[in-house]
Amino acid sequence: DAGINGTGQVVGSGDSGLDDRHCAFSAPGKVAMKRSTTGDYADHSGHGTHVVGSILGSLTDDGSGSQYDGVAKGASVAFTDMGYQVNATRICYCLDADTCTPDDAHENFDYQYFGTFPNGQSMDVDGQKYHACRDTSGNMMCTKYDRTCAYEGMTDWNPGGVLWNYCCADSDPNNYYECAHDRETNENKFMCYDASFALKCTTDTKCS
């Protein structure tokens with residue numbers, strides 16, 4: 001109502017990614033800067049695109065306004081992409097056979113492991129014997145719930161599945177969040193065990 005729409009201002013934002021091909025960001029200079037901390041510029045979850053659109057998305061240029069315009073539709077964004085795609089490990093297993101097809105599996109779903117510490121101890125890491133397998137013909141197969149792919153002469157269907165960890169927000173071990181077990185990106189933030197097996201947090205030093 002006051003005629004203030006963010007024109008001439010640059011808003012800083014960091015999130016999962018920004019799809020700058022979206023028509024809400026098509027105006028010249030709308031994306032003043034875009035960088036990535038992970039080398040992955042895609043917005044796999046859509047969260048970052050949604051947030052930036054709510055802040056400064058602009059779908060009209062004639063002053064008529066749109067219910068989908070951002071609150072500061074005239075502003076530009078300097079965006080830092082902090083997200084990357086996590087490839088889950090496929091889990092499937094059989095109850096009544098040593099091997100079976102996914103259609104006959106008791107369970108068949110995507111799964112991400114949580115809670116492995118970088119210095120070797122682990123917490124809540126289960127399901128490792130339930131990986132979906134690739135047979136010699138390249139087909140997906142499942143093993144009995146207590147057998148690995150290697151036991152049945154097969155390989156993991158998705159060996160690149162990402163293990164998740166706990167990262168520290170600061171020096172308080174109670175102040176943590178879930179993060180990908182990615183040493184290049186997160187190793188200086190991993191939650192650690194100290195020599196007495198007490199939880200320890202540092203935000204700028206590796207566990208070991």
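The model is a predicted one.

Three strands make up an open sheet, in the order S1-S3-S2, and their pairing is parallel. Strand S1 (10–15) and strand S2 (31–36) stand at the edges; each has a single partner strand, so one side of each is left without a neighbour in the sheet. From one strand to the next, the twist averages 15°. Between S1 and strand S3 (residues 76–81), which run parallel, there are 6 bridges. Within this pairing, Gly14 has Thr80 in S3 as its bridge partner. A helix accompanies these strands: helix H1 (residues 47–56) lies across S1 and S3, and runs at about 160° to S1.

The disulfides come next. A disulfide is a covalent bond between the sulfur atoms of two cysteines. A search of the whole structure finds 6 disulfides. With bonded cysteines counted along the chain, the disulfides follow the pattern 1-5, 2-3, 4-6, 7-9, 8-11, 10-12. Three of these links may be taken in turn.

Cys94 is joined to Cys100 by a disulfide, with a distance of 2.1 Å from S to S. This link of Cys94 and Cys100 is left-handed, with -100° about the S-S bond. Cys94 and Cys100 are both buried.

Another disulfide is formed by Cys133 and Cys149, whose sulfur atoms are 2.1 Å apart. The disulfide of Cys133 and Cys149 is left-handed because the torsion about its S-S bond is about -90°. The pair links distant parts of the chain, 16 residues apart: Cys133 belongs to strand S7 (residues 133–134), while Cys149 is in the loop between strand S8 (140–144) and strand S9 (155–156). Cys133 and Cys149 are buried.

What is the handedness of the link of Cys167 and Cys179? With 80° about the S-S bond, the link of Cys167 and Cys179 is right-handed. The S to S distance in the disulfide that joins Cys167 to Cys179 is 2.1 Å. Because Cys167 lies in strand S10 (residues 164–168) and Cys179 in strand S11 (residues 176–180), the pair ties together parts that are 12 residues apart in sequence. Cys167 counts as buried because its relative accessibility is 0%, and Cys179 counts as buried at 5% relative accessibility.

The last topic is charged side chains. Side chains of opposite charge can pair when their charged atoms come close. The count for this structure comes to 5 salt bridges. In one of them, the side chains of Asp19 and Arg21 meet at 3.0 Å, N to O. Asp19 is partly exposed, with a relative accessible area of 25%, whereas Arg21 counts as exposed at 71% relative accessibility.

The closest N and O atoms in the salt bridge of Asp69 with Lys73 are 3.2 Å apart.

Arg147 forms a salt bridge with Glu152, and here the closest N and O atoms are 3.2 Å apart. Arg147 counts as partly exposed at 22% relative accessibility, and Glu152 counts as partly exposed at 24%. Arg147 and Glu152 are also linked with Asp98 in a network of salt bridges.

Methods
Residues numbered from 1 in each chain as written. Predicted model: local features only at pLDDT ≥ 70, side-chain atom pairs only at ≥ 80, totals over all residues. Heavy atoms only, no water. Disulfide = S-S within 2.5 Å. Buried < 20%, exposed > 50% of the residue type's maximum accessible area, 1.4 Å probe, protein only. Helix = DSSP H or I, 4+ residues; strand = E, 2+ residues; numbered from the N terminus. Pairing = 2+ DSSP bridges. Axes fitted to C-alpha atoms, helices over the stretch in contact; angles between N-to-C directions. Contact = heavy atoms within 4.5 Å. Salt bridge = Lys/Arg side-chain N within 4 Å of Asp/Glu carboxyl O.
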